[in-house]
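Please consult the sequence and the structure as each answer is read.

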Amino acid sequence: MANPSLLSLSVCLLILLHGCLASRKQCQQQNECQIDGLDALEPDNRVEYEAGVVETWDPNHEQFQCAGVAMVRHTIQPNGLLLPQFSNAPQLIYVVQGEGMTGILYPGCPETYQAPQQGQSGRFQDKHQKILRFRRGDIIALPAGVAHWCYNEGNSPVVTVTLLDLSNSENQLDMKPRKFHLAGNPQDEFQQQQQKKSRGRKSSCNSVFCGFDTEILAEALQVGQRLAKQLKKEEDNRGGIINVKGDELRVISPPMSQGERGDKSEEESEYEKRRRGQSDNGIEETICTMRMKENINDPARADIYTPEVGRITTLNGLKLPILKWLQLSAERGVLHTNALMVPHWNLNAHSIVYGCKGEAQVQVADNMGNTVFDGVVREGQILVVPQNYAVVKRAREQRFEWVSFKTNDRAMMSPLAGLTSVIRAMPDEVLANALQISREDARKIKYNNQQITLTRANSSRQLRDDA
C-alpha cells in the first residue's frame, strides 16, 4: 500500500508544477521584487542609425526584473523606415509624437491591399497585407513573434516608447529581450547591457537571413544566388532605421480617414457593431482583421475627467480585445499644474510609468510603510511601481502627462482617498477604532474629498486643524 505521506507530497508537487506551467509569469517573478528603493530611470544605451535613434533601458535593472519587462524608445526621422523585425515577447507601443504608417505581418493572412491590374502584360502587380496609419496617442499591440515595420510619413520625428513583456507566457525563451531582424544590419540594442554567449557561427551580419547559406536561400525563394546574397549584406552600414529613397515610401494604402485625425474611425464603428451582438466567425475575422491600435490621447475618451484638474484614460481588454490575448493594458494621464492623483495601488498588475511631458512629484510606499521613492519623474523617464505598492502623483509648475503600461489586461486600481476609495467603503466605527480617532474625524477622512481619483493639491493646505 502506498505511503499516504508520499502520495500527498506527490500530489502537492504535481499541483505546484501545473501552476507554474499554467502561470509561468508568476513563477518566473517569484522572489524578484525584493526592492529597497525605486528610481526614475533614463535610457542606458543609445544606438544611432542613418535615419533615427534607438534607446534602451537596462533590462537587468531590479525594477525591470521585478516587473518582467524591457523598455525601448525609437526616434524615426521624417522619411525614415524602421526595418522589419519581430520580438520574443508581446509588445505595447505608445506613440509619443508624430504620425506615420506601420505594417503588422501575420502569417497566412490575405494580401488585401492590391495594385490595379494593367492589361495582360504578365507583370506582377504589388499586393501586401493591410497597413495601419498611426498618430500621437495611439497604442499599438503586437503579439510575440509577429513581424512589423514602421515609416515616418510626417514632417517631424516620430517618437515611440515600447514595452516588451518578457514574463508573458507567449515568450518561451528566457528573460532577455531579443529583436529578430528581417533586413539590414542593425546592432544589438541591448548589447552593452548583457553578455552574449553563442555556440553558433558568429557573423557581422545581424539579420535572420545571415544565418543561412546563400544556396539554400536561393532555392527557397527560387531566385538566383546573386539576388539571394542581397538578403545578407555585411557591408550595409545604414543600421535598423534607414532613409527611404525618393521623397516618400510608395505603398498601397488608402488616404488617412477623419477617424485617424481624431473622430470615430471605420474600425471603431465595426467594433461597436460587434459589441451590439454581431458574432465573429472564421480565422480571418479573429486574427487577420483584429484591431491592433487605439488612441488614448483624445480628451473625449477620458474615463475620469475633472475640469482644470486632469483626466485619466484607460485601455484594457474590454476596449481593445487583442489585449486579452497579450494580458496587457495601458493608462494615459494628464495632471494640470499642482493637481493631484490621490494615493492608490494596483490590485493585480505592475505599472510602468513613462513621463511624456512636464514633471511630477511622486511618492511610492511598500508593504511595510517604507517610502521606496520620493522624487521627481520627468519627461522621458521611467518609474516602475510594483503590484500593490501605493503611489501618489502631484504635478509641479507645469502640467504632467504620462502613459502607464500595466501587466494585466484588466488592471484594477484601488484609491486611498476620494469618492471611490477603500477608506470611503469602511464603516465609521471601523475607521475610528483602527486610527484611534473620533467618529466625527473618521467622517471627515471619509467624506471631505468628494472627487474621484483627481483633485487639487492645494485644497488640503486650505483646511485648518480643528484641534
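**Fold and disulfides**

The protein, a predicted model, contains ten helices and 27 strands.

Q: What share of the 467 residues of the protein counts as buried?
A: A residue counts as buried when its relative accessible area is under 20%. Applied to the 467 residues of the protein, this gives a buried share of 45%.

Q: How many disulfides does a search of the whole structure find?
A: A disulfide joins Cys 33 to Cys 66, with an S to S distance of 2.0 Å. Another joins Cys 109 to Cys 288, also at S to S 2.0 Å. For the whole structure, the number of disulfides found is two.

Q: Is the disulfide of Cys 33 and Cys 66 right-handed or left-handed?
A: The handedness follows from the torsion about the S-S bond, which is about 100 degrees for Cys 33 and Cys 66. This disulfide is therefore right-handed.

Q: Which parts does the pair Cys 33 and Cys 66 tie together?
A: The two residues are 33 apart in sequence. Cys 33 lies in the loop between α2 (24-29) and β1 (45-49), and Cys 66 lies in helix α3 (residues 62-67). The parts tied together are therefore the α2-β1 loop and helix α3.

Q: Is Cys 288 buried or partly exposed?
A: The limit for buried is under 20% relative accessible area. Cys 288 has a relative accessible area of 23%, so Cys 288 is partly exposed.

Definitions and conventions. Residues numbered from 1 in each chain as written. Predicted model: local features only at pLDDT ≥ 70, side-chain atom pairs only at ≥ 80, totals over all residues. Heavy atoms only, no water. Helix = DSSP H or I, 4+ residues; strand = E, 2+ residues; numbered from the N terminus. Buried < 20%, exposed > 50% of the residue type's maximum accessible area, 1.4 Å probe, protein only. Disulfide = S-S within 2.5 Å.
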